[in-house]
Amino acid sequence: MVKHRGFPGRMPGTDFQFTIRRAAKEGASRILRRERYADRRAVDRAADRAFMTALWEHFGEEPFVRGNLDAGRLSWLIGREVVAVDDPFDPQDYNALMRVDRAVAEASFPEIFAENTAMGWRDEDDWDGVDDADDTAGDGDAGRGGSNRGGRASA
């Protein structure tokens with residue numbers, strides 16, 4: 001089983017699993033298309049968004065092997081945002097090839113593909129929310145008396 005190094009193991013701050021640690025002795029869990037109804041909990045929708053973001057940032061539109069990606073989490077996206085590359089597709093194969101269908105993923109999760117957003121965070125240069133044009137001191141610390149950016153006391 002391929003282990004996707006650098007891929008997040010779970011959604012931060014939750015128990016929503018994105019990867020598995022080891023292959024199951026009985027074989028890979030079956031990936032099956034799950035319906036996403038409009039009344040799903042907000043945290044479930046957030047987990048879908050976080051997993052889709054991780055897939056996009058890790059693989060882009062390139063085909064990827066299922067490997068250690070969680071079957072349950074893939075089941076919420078398969079057949080829509082994630083499509084099979086293999087024909088025929090074996091939903092119980094750790095070596096099955098898939099890819100992100102950008103057009104469908106962008107329609108479902110437009111915030112992931114919005115310009116200059118990665119994992120929903122602001123651009124690092126915009127950490128303080130102050131527009132550089134408003135920065136009269138020119139040093140990025142306007143109105144803060146030159147406080148240190150990390151929020152920690154200097155040694």
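These are my notebook entries on what I looked up in this predicted model.

**Entry 1: the overall layout**

I began with the secondary structure. I count four helices and three strands in the chain. Reading from the N terminus, I get the order α-β-α-β-β-α-α. The chain has 155 residues, and 34% of them are buried. I also looked at how far apart in sequence the contacting residues are. Of the contacts between residues at least 6 apart, 67% join residues at least 24 apart.

**Entry 2: the sheet**

Next I wanted the strand order. The three strands make an open sheet that runs β1-β3-β2, with antiparallel pairing. This leaves β1 and β2 at the edges with a single partner strand each, so one side of each has no neighbour in the sheet. Helix α1, residues 42-59, packs on this sheet and touches β1, β2 and β3. I noted its direction too: it makes about 100° with that of β3.

Then I went through the pairings one at a time. Strand β1 covers residues 64-65 and pairs with β3 over two bridges, in the antiparallel sense. Here V65 stands opposite L97 of β3. Strand β2, residues 82-84, is also antiparallel to β3, and that pairing has three bridges. On this side I found A84 with M98 of β3 as its bridge partner.

**Entry 3: aromatic rings**

I turned to the rings and found five aromatic pairs in the structure. Ring pairs join F7, F18, F51, F59 and F64 into a cluster.

W76 got a note of its own. R40 lies over the face of W76, at 4.0 Å from the ring centre. R34 has its charged end over the ring of W76 as well, 5.8 Å from the centre.

**Entry 4: salt bridges**

My search of the whole structure gave nine salt bridges. I wrote up three of them.

- R10 and D15 meet through their side chains, at 3.8 Å from N to O. R10 is partly exposed, with a relative accessible area of 37%, and D15 is exposed at 69%.
- E81 and R36 form a salt bridge of 2.7 Å, N to O. E81 sits in the loop between α2 (71-75) and β2, and R36 in the segment before α1, so the pair ties together parts 45 residues apart in sequence. E81 is buried at 0% relative accessibility, while R36 is partly exposed at 26%.
- D48 and R73 form a salt bridge in which the closest N and O atoms are 2.9 Å apart. D48 belongs to helix α1 and R73 to helix α2, and the two are 25 residues apart. Both D48 and R73 are buried.

R36 belongs to a network of salt bridges with R80 and E81.

My last stop was A28, in the segment before α1. Is A28 buried or exposed? Its relative accessibility is 6%, so A28 counts as buried, the cut-off being under 20%. What does A28 touch beyond its neighbours within four places in sequence? I found contacts with R66, Q92, D93 and Y94. For one of these, D93, I noted the spacing: A28 and D93 are 65 residues apart in sequence, yet their C-alpha atoms are 6.0 Å apart in space.

Notes
Residues numbered from 1 in each chain as written. Predicted model: local features only at pLDDT ≥ 70, side-chain atom pairs only at ≥ 80, totals over all residues. Heavy atoms only, no water. Pairing = 2+ DSSP bridges. Contact = heavy atoms within 4.5 Å. Axes fitted to C-alpha atoms, helices over the stretch in contact; angles between N-to-C directions. Phe/Tyr/Trp six-rings, centres within 6.5 Å; stacked < 30°, edge-to-face > 60°. Lys NZ or Arg CZ within 6 Å of the ring centre and 35° of its normal. Salt bridge = Lys/Arg side-chain N within 4 Å of Asp/Glu carboxyl O. Buried < 20%, exposed > 50% of the residue type's maximum accessible area, 1.4 Å probe, protein only.
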